[in-house]
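Visitor: I would like to learn how to read a structure like this one, feature by feature. Could you walk me through it?

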Amino acid sequence: MNTRLGLLLILQIAVSHPENNGVQISPANNPLNVIAGSNLSLACSTTMTCSTPLKYTWRKPAGGDVNNKVNPSMTFEIHEVETNHEGEYICTVICGGKEMNKKVRVQVISFNEPVIHVPEPVKEDIKVNATCTVKNMNPDGIQASTVWMLGTRVLRNISHKSDNHFTDTLTIQPKKENHGQHLRCIVTLDVFKKESFVELQVNYAPSKTQISVTTPLVEGNDFVMNCSSDGNPRPKLAWLKKNKPWPANMRRHDGSVSGVLSQRDEGTYECTAKNQQGEQKTNVSLVIHYGPKNTSITASPGSDLPEGGSLQLTCKTQSNPEVTQYKWNKLPEVSLPQGVLVEGSTLTIHSFQRDHQGIYECEAIHQSGKHDRAYVTVTVTQEERLTQEPASPIIWAVFGSLFGGAAAGGIGGILLAKLLK
């Protein structure tokens, strides 16, 4: 009697707890969290053996038959899950006249994209409060987290419970290095994540202002000089030549200067970068390479000298840097005679002879490849005669009469003239 009573109790327990059987639902999570908008697929199975074909049905007690019909398969699917799909779902397995049930609670996770707000303007080293707001979090009260990131750096990571309207505030003090970086807010509800970002526009004073110059700086060459700066908002760039008027041949553009170089362009140029946050100045000094020009030759002691004398020719020119290469020639031979010593810009002849006479050419050759020439003519001095032709007898007679008397003077003068013949 006691044995029969025990068996009856076991049967009653099994009937009153129909889930104590071999029915399983996959995925096995219960409750099962599903993100809104995704697809849900539930599979029902059993380890029970049955002499007749197994039948499966799915239903939602709060909403009637989910499929409005008996599902001939063990799989139940929902495309694009919505919040009204939340609730308890029951899979019933029928073997002959016997029914076995398995329940799963579906919980739909939904929340809007985070919205980030950063008050403008954002200035370097000035604190500003950024907010991240998430609306329509469902369901309430489950575990959530919010992470703030700037670039690749985590600024804050907090845990909290989900709420229908959640806002987190973060105080940041941006640097100019943060300009253009992404400020991110990442919100996670259960295992589902959404994020958004804004690109920080940090206002900062001009910095790293620099000037670049095309080279070489040679007179007559085309020339470009550029100024750049990384301030935000973009700085305005202005040019001036320090302590001197602006050269007429130089054209100023927004951030550059162009023109054809001349010697008068030498000096210090200043570029000023300026925006609402401040200004920065930088300068560059230009040294213009020019010449050779205005080349000339000086002769010492002169270009007309006696035979056997000493002659030194010196070649002078204007250039920058100074010319270090000179070439001497004697024209028209285009060569130098013997006895000529050349040392740089100087040509020396210690014993000047008649074959040294002629035109001498000096060619000044600049490092830039430009050259200039000068010429001088040197000759031998014509010696003055040390003796002169004798005077006529009449002249000497007159000379004698001045010292002799009227009568004897004439005779004395003639005799004197004959003696001097």
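Guide: Gladly! Let us begin with a cut-off: a residue counts as buried when its relative accessible area is under 20%, and as exposed when that area is over 50%. Please keep in mind that this is a predicted model.

Visitor: Then let me try a strand. Which residues of strand β6 are on the covered face, and which on the uncovered one?

Guide: Strand β6 spans residues 75–78. F76 and I78 make up its covered face, while T75 and E77 make up the uncovered one.

Visitor: Which strand does β6 pair with, and in what sense?

Guide: The general idea comes first: strands of a sheet pair through backbone hydrogen bonds, and the pairing is either parallel or antiparallel. Here β6 pairs with strand β3, residues 40–46, in the antiparallel sense, over four bridges.

Visitor: How many bridges join β15 to β16?

Guide: Eight bridges join them, with β15 covering residues 182–189 and the two strands running antiparallel.

Visitor: Let us turn to the cysteines. How many disulfides does a search of the whole structure find?

Guide: A disulfide is a covalent bond between the sulfur atoms of two cysteines. The search finds five of them in this structure. If you number the bonded cysteines of the protein chain in sequence order, the pairing reads 1-3, 2-4, 5-6, 7-8, 9-10.

Visitor: Take C44 and C91: what is the handedness of their disulfide, and why?

Guide: The torsion about their S-S bond is about -95°, so the disulfide is left-handed. It links distant parts of the chain, with C44 in strand β3 and C91 in strand β7 (residues 87–95), 47 residues apart. The sulfur atoms of C44 and C91 are 1.9 Å apart, and both cysteines are buried.

Visitor: And what is the handedness of the link between C50 and C95?

Guide: That link is right-handed, with 105° about the S-S bond. C50 lies in the loop between β3 and β4 (55–60) and C95 in strand β7, so the pair ties together parts that are 45 residues apart in sequence. C50 is partly exposed, at a relative accessible area of 25%, whereas C95 is buried at 15%.

Visitor: Where do C315 and C362 lie?

Guide: C315 is in strand β27 (residues 311–320) and C362 in strand β31 (residues 358–365), so this pair ties together parts 47 residues apart in sequence. Their disulfide has an S to S distance of 2.0 Å, and both C315 and C362 are buried.

Visitor: Finally, what is the mean pLDDT of the protein chain?

Guide: The mean is 84, and 83% of the residues reach 70 or more. Over residues 65–70 the pLDDT is below 50, and this stretch has twelve contacts in the model beyond near neighbours in sequence. Residues 384–421 also stay under 50, with 13 contacts beyond four places in sequence.

How values were computed: Residues are numbered from 1 along each chain as its sequence is written. This is a predicted model: local features need pLDDT of at least 70, side-chain atom pairs count only at pLDDT 80 or more; totals for chains, interfaces and linings use all residues. Side-chain values use heavy atoms; hydrogens and water are left out. Buried means under 20% relative accessible area, exposed over 50%, partly exposed in between (1.4 Å probe, protein chains only). Two strands pair if DSSP finds at least two bridges between them. A disulfide is a pair of cysteine sulfur atoms within 2.5 Å. pLDDT is the predictor's confidence in each residue, from 0 to 100. Contact means heavy atoms within 4.5 Å.
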